[in-house]
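Q: Can you walk me through this structure? I have the sequence and the model open.

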Amino acid sequence: MTLFPDLVDYVLSESIIGRARKSGAIDVRLHNIRDYSEDKHRRVDDTPYGGGKGMLMMAPPIYNCYKAILDGQASEGVENTSRRVIYMSPAGKVLNQKKAQELAMYDNVIILCGHYEGVDRRIIDEIVDEEISIGDFVLTGGEIPATILVDCVSRLVDGVLSDPECYEKESISSGMLEYPQYTRPYEFHGVKVPDVLISGHHANIDKWRDDSARRLTEEQRPDLLETEKN
């Protein structure tokens with residue numbers, strides 16, 4: 001649910017996610033909140049009660065959009081599938097891989113993108129299950145965060161990537177940063193690929209990768225190892 005569906009569609013039509021949409025592995029539907037405005041000028045925002053700068057998105061257009069989504073699901077016979085409604089907000093808990101894995105278990109994830117100064121609190125209280133942030137900073141709207149959430153969750157859906165190993169051993173997913181990787185040429189600017197990687201000895205390669213991943217994590221993201229201990 002967004003005021004800028006073309007922006008979201010553009011981002012989610014490229015690369016792996018774009019191919020997954022075309023193959024039917026995932027289904028991304030964009031709903032323009034403005035289409036559900038009750039105002040003849042398709043107005044979706046107004047000044048906040050109590051004063052203050054900026055405009056606030058009104059509850060009725062958002063609710064009408066949400067209701068239309070539920071009605072559409074009912075007409076398709078999928079109204080009883082598992083569903084989670086997310087509001088992209090700096091007030092929410094910061095997105096991490098564990099949350100992405102949780103959301104990937106749902107059949108339907110509905111994402112509300114705020115804009116301007118946000119949305120009327122009453123719509124959050126009525127339809128939103130949880131608020132999610134992508135970091136402690138402020139953006140002009142929830143569209144870019146929403147595309148990040150869709151990308152992060154979609155990669156965990158069967159059929160999006162060629163093999164579960166594609167994400168199971170990646171940085172963060174494994175609990176540590178990913179080990180350093182190399183490809184051709186063998187030597188670049190005087191630096192050669194580590195000999196162990198061309199040794200053909202898989203046990204040694206696995207050990208080198210594990211040791212390198214832990215060392216890199218200790219240097220750059222020691223907080224991940226603290227989380228692992230806890």
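**Strands first**

A: Let's start with a strand pair. β3 and β4 pair in the parallel sense, over six bridges. Keep in mind that this is a predicted model.

Q: Which residue of β4 does V85 stand opposite?

A: V85 stands opposite I110 in β4.

Q: How does β3 pair with β5?

A: In the parallel sense, over five bridges. β3 covers residues 83-94. M88 stands opposite I132 in β5.

Q: So what's the strand order in that sheet?

A: The order is β4-β3-β5, in an open sheet of three strands with parallel pairing.

Q: Which strands stand at the edges, and why?

A: β4 (108-113) and β5 stand there. Each has a single partner strand, so one side of each has no neighbour in the sheet.

Q: What holds paired strands together in general?

A: Strands of a sheet pair through backbone hydrogen bonds.

Q: How far are neighbouring strands turned against each other here?

A: By 45 degrees on average in this sheet, ignoring direction.

Q: Back to β5. Are its faces covered or open?

A: Both faces of β5 (residues 130-133) are covered. E130 and I132 are buried on one side. E131 and S133 are buried on the other.

Q: How far is G135 from H201?

A: Their C-alpha atoms are 41 Å apart in space. In sequence, G135 and H201 are 66 residues apart.

**Helices**

Q: Next, α6. How many of its residues are buried?

A: Nine of the twelve residues in α6 are buried, so this helix is mostly covered. Among them are P145, L149, V150 and C152.

Q: And how far does α6 reach?

A: It reaches 16 Å from its first C-alpha to its last. That is close to the 16 Å expected at 1.5 Å a residue.

Q: What about α8? How many residues does it have?

A: Helix α8 (residues 202-220) has 19 residues. It reaches 26 Å from first C-alpha to last, close to the expected 27 Å.

Q: Which residues of α8 are buried?

A: I205, W208, S212, A213 and T217. They cover an arc of only 160 degrees around the axis, which puts them on the same side of α8.

Q: What's on the other side of α8?

A: K207 and D210 are there, and both are exposed.

Q: Where is K98?

A: K98 is in helix α4 (residues 97-103). It counts as exposed, at 58% relative accessibility.

Q: How far apart are K98 and Y66?

A: Their C-alpha atoms are separated by 26 Å. Along the chain, K98 and Y66 are 32 residues apart.

**Rings and cysteines**

Q: Switching topic: how many aromatic pairs are there?

A: A search of the whole structure finds one. The pair is Y63 and Y66, with ring centres 6.3 Å apart. Their planes stand at 50 degrees, so the pair is tilted.

Q: Why tilted?

A: Planes under 30 degrees apart count as stacked, and those over 60 count as edge-to-face. The angle for Y63 and Y66 is 50 degrees, so tilted is what remains.

Q: Last one: where is V44?

A: V44 is in the loop between α2 (15-23) and β1 (45-46). V44 is buried, with a relative accessible area of 1%. From V44 to V8 is 19 Å, C-alpha to C-alpha.

Definitions and conventions. Residues are numbered from 1 along each chain as its sequence is written. This is a predicted model: local features need pLDDT of at least 70, side-chain atom pairs count only at pLDDT 80 or more; totals for chains, interfaces and linings use all residues. Side-chain values use heavy atoms; hydrogens and water are left out. Rings of Phe, Tyr and Trp (its six-membered ring) pair if their centres lie within 6.5 Å; planes under 30 degrees apart count as stacked, over 60 as edge-to-face and the rest as tilted. Buried means under 20% relative accessible area, exposed over 50%, partly exposed in between (1.4 Å probe, protein chains only). Helices (H or I, at least four residues) and strands (E, at least two) are DSSP runs, numbered from the N terminus. Two strands pair if DSSP finds at least two bridges between them. The expected span of a helix is 1.5 Å times one less than its number of residues. The arc is that of the directions from the helix axis to the C-beta atoms. Axes are lines fitted to C-alpha atoms, for helices over the stretch in contact, and angles run from 0 to 180 degrees between N-to-C directions.
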